[in-house]
Amino acid sequence: MTTAAASSTPTTARTAKPATLRAAAPAILALCLTMLVEMVDNSVLSVALPTIGRDLAVGPTGLQWIVGAYSLTFGGLLMVGGTLGDKLGRRRMLLAGIAGFGLASTLVLLATEPWQLIAVRALCGVFAALIAPGTMSLVFRLFDDEELRRRAIGLIVSVAMVGVMVGPVLGGIAVTHLPWQALLVVNAPVAAVAFWGVARGIPVDDPAERRTGGADVPGAVLSVAMLGLGLFAFTLGVDEGWTSPVTLATAVAAVAAGVGFVMRERAAADPMLDLRLLGRRTVRGSAILQTGVMVAMVGVMFAATQLFQFAWGWSPLQAGLGTLPMVAGMFVSGPLTDALVARLGHRATALVGSTSLLVSLAVEYVALGAGYPVFAAGMLLLAVAMRMVMTTSAVALIEALPEDHTGIGSALNDTAQEIGNVFGVAVVGTVTAAVMGTSLPTGRWSAAVVEEFLHSQRIGFAILAGLVALITVVGGRTLTGSRSTDEH
């Protein structure tokens, strides 16, 4: 943080900050739960899609929108949510987002038509975009000590990632005994606990920490169009083809909105996103490395769910249990990450993690022919690398920003991850469709079909590795040059 920003915090607030994670237990619990529900929401629901399709008489396109509506509003509104937090108060916006998310989730009980469920999912995404930016940025209000901040962020990231891995397993168990609506309604009591934890454990917003100036409504509209259309273009590319008219038109519209956004932010007296912040190499480098993490993780997990069930003939429950090495990796990587940060620092640790991502992808490539034990080892290494990068990059990015911009900084962090998310799915989904067609064979696969699928995944993993390597080089060069060029 800048010295000026740090000094603006009242002395009484600074001395009241907890000295241990245990002392901040209500707030840490709340922040873990907020990130958990925002990230697990779609992964838990995905296992219920066949049941939803039968109950609401909705086809593949409708099911795609039930999942995609959340991602589009969430990703499209992230920067708006970050800006609102910086201007109106991060704690205030986080509480509003938690309350809205919990209430919106209960509306599923009223959904009897596909469009109604899609609307509920889109509304949940809107409130999730208010939640996400405050989750990381408020860690910096909780603690002054850098070590405590890193440990808190590591814990929050680990809980969220464990939820993503375990969510489908728990969702599969739940949907066999309960109505599918329960998978969304459960967000309400979770949100209530999170609301309590934030209200009790996080200090009220200090007016001195807020950004001043007017509202950049045109910038907000253009940012939503840029991100929303961009994410939608990737979805269309996988489903409709990259050269289809609708995909190309959506991509062109996204680029046009992006150009308009940059022009607007350069000219605005009070821009939503001060583009000078992106001139800070730590901010750019950290965001780039975060993108690489999600490209690798989402690509591998997207492939794994199909590999386990289609190629290896596992049940959905077995496939869910097969991802548990990722959970183990998240927990064992904590002490290793702390030791590397103490010895090498944030930047070098992030680069070690990004390099480990490449090694994990190489292991997964070999595992396609070697079987599950090797694949499990690759997932374990992938999880370790993820925590190294995600924890250190998030800390570095937000610390490089002034106090009154940490909300938008956290939103940039989440936006980078969302971009990596769509890239990872796009690579594996496009390659699989190109090799095997848009619809995978049903029933038990023959040896020839299995080999064709494995061939497609080898191509996909090779492309993922090349993409992650490029991101690591660019992000690493940007990050390592930041000491002399960033303003602190």
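**Reading single residues**

Q: Is Ile-52 buried or exposed?
A: Ile-52 is buried, because its relative accessible area is 0%. The cut-offs are under 20% for buried, over 50% for exposed, and partly exposed in between, with a 1.4 Å probe and protein chains only. The model is predicted, so local features need pLDDT of at least 70 and side-chain atom pairs count only at pLDDT 80 or more, while totals for chains, interfaces and linings use all residues. Residues are numbered from 1 along each chain as its sequence is written, and side-chain values use heavy atoms, with hydrogens and water left out.

Q: Where is Ile-52 found, and which residues is it in contact with?
A: Ile-52 is found in helix 4, residues 49–56. A helix is a DSSP run of H or I with at least four residues, a strand a run of E with at least two, and both are numbered from the N terminus. Contact means heavy atoms within 4.5 Å. Leaving aside neighbours within four places in sequence, Ile-52 is in contact with Leu-45, Ala-57, Val-58, Leu-63, Ile-66, Leu-117 and Trp-180. Ala-448 is 396 residues from Ile-52 along the chain, and their C-alpha atoms are separated by 32 Å.

Q: Why is Cys-32 called buried?
A: Cys-32 is buried because its relative accessible area is 8%. Cys-32 lies in helix 3, residues 25–46. Not counting residues up to four places away in sequence, Cys-32 touches Leu-155, Ile-156 and Val-159.

Q: Where does Ala-24 lie?
A: Ala-24 lies in the loop between helix 2 (11–15) and helix 3. With a relative accessible area of 4%, Ala-24 is buried. Ala-24 touches Pro-18 and Phe-143, not counting residues up to four places away in sequence. From Ala-24 to Gln-116 the sequence separation is 92 residues, and in space they are 39 Å apart, C-alpha to C-alpha.

Q: What is the relative accessible area of Val-126?
A: The value is 30%, so Val-126 is partly exposed. Val-126 lies in helix 7, residues 114–137, and touches Thr-73 and Leu-77, not counting residues up to four places away in sequence.

**Reading helix pairs**

Q: At what angle do helix 19 and helix 20 cross?
A: Axes are lines fitted to C-alpha atoms, for helices over the stretch in contact, and angles run from 0 to 180 degrees between N-to-C directions. Helix 19 and helix 20 (residues 447–480) cross at roughly 145°, and their axes come within 9 Å. A crossing is left-handed if the near helix is turned anticlockwise from the far one by less than a right angle, and right-handed if clockwise. This crossing of helix 19 and helix 20 is right-handed.

Q: Which residues meet there?
A: Among them are Phe-423, Val-427 and Val-431 in helix 19, and Phe-453, Ile-459 and Leu-467 in helix 20. By class, the contact has 12 nonpolar, six polar and one charged residues. Here Ala, Val, Leu, Ile, Met, Phe, Trp, Tyr, Cys and Pro count as nonpolar, Asp, Glu, Lys and Arg as charged, and the others, Gly among them, as polar.

Q: How many degrees is the angle between helix 14 and helix 19?
A: Helix 14 and helix 19 pack at about 35°, with axes 7 Å apart. Their crossing is right-handed. Their contact divides into 13 nonpolar, 11 polar and no charged residues.

Q: Is Gln-417 buried or exposed?
A: Gln-417 is buried, with a relative accessible area of 11%. Gln-417 is found in helix 19. Leaving aside neighbours within four places in sequence, Gln-417 is in contact with Gln-290, Met-294 and Met-390.
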